[in-house]
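Thanks for coming. Please have the sequence and the model open while I talk.

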Amino acid sequence: MANNILIVDDAAFMRMMIKDILVKNGFNVVAEAADGAQAVEKYKELQPDLVTMDITMPEMDGIAALKEIKKINPNAKVIMCSAMGQQAMVIDAIQAGARDFIVKPFQADRVIEAISKTLA
C-alpha cells in the first residue's frame, strides 16, 4: 500500500530531492507546498498519511503550520525537516507534535527510516 505524503519546503530543489527519495522507495507524493499556509490548505484538501515539513519558510513557518494541521487532525503525522543548527526549533516542533525530524542535506536512508517508523 502506497502511503500518501505531502512535501512542504520553500525550496523547490529540496522538494524535488525528497520526492525523488520517496518515489524511489514506493511512497506516493500526493502534493507539494512551498509554505506553511499552502501546507495547511493542502492538508485539509488531501488528508495525507504523512507530511514532511520544513521549519523555516516564508508566510507561515513549519511550526505554525504544524500547529494548524494538529488542530485539523490531532493524529496527523508530521516529520520536520531542518538545517543543521536549528536544534531549538526542532525541540519546539517536537513539543508542538512533530513525530520525528530529518536534517538537511537529506540522507536517503534516514528519510526512509523516519517515514517508515512514523507510519508504522
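T52 touches I5, L6, I7, V8, I18, I79, C81 and I115, leaving out residues up to four places away in sequence; contact means heavy atoms within 4.5 Å. This is a predicted model, where local features need pLDDT of at least 70 and side-chain atom pairs count only at pLDDT 80 or more, while totals for chains, interfaces and linings use all residues. Residues are numbered from 1 along each chain as its sequence is written, and side-chain values use heavy atoms, with hydrogens and water left out.

Where does T52 lie? T52 is part of strand β3, residues 50-54; strands are DSSP runs of E with at least two residues, helices are runs of H or I with at least four, and both are numbered from the N terminus. T52 has a relative accessible area of 0%, so T52 is buried, a word for under 20% relative accessible area, with a 1.4 Å probe and protein chains only.

Now the helices. I18, I21 and L22 in α1 meet A108, V111, I112 and I115 in α5. By class, this contact of α1 with α5 has seven nonpolar residues, no polar and no charged ones. Ala, Val, Leu, Ile, Met, Phe, Trp, Tyr, Cys and Pro count as nonpolar, Asp, Glu, Lys and Arg as charged, and the others, Gly among them, as polar.

Last, the strands. β4 (residues 78-82) and β5 run parallel, joined by four bridges; strands pair if DSSP finds at least two bridges between them. S82 stands opposite V103 in β5.

Methods
Buried < 20%, exposed > 50% of the residue type's maximum accessible area, 1.4 Å probe, protein only.
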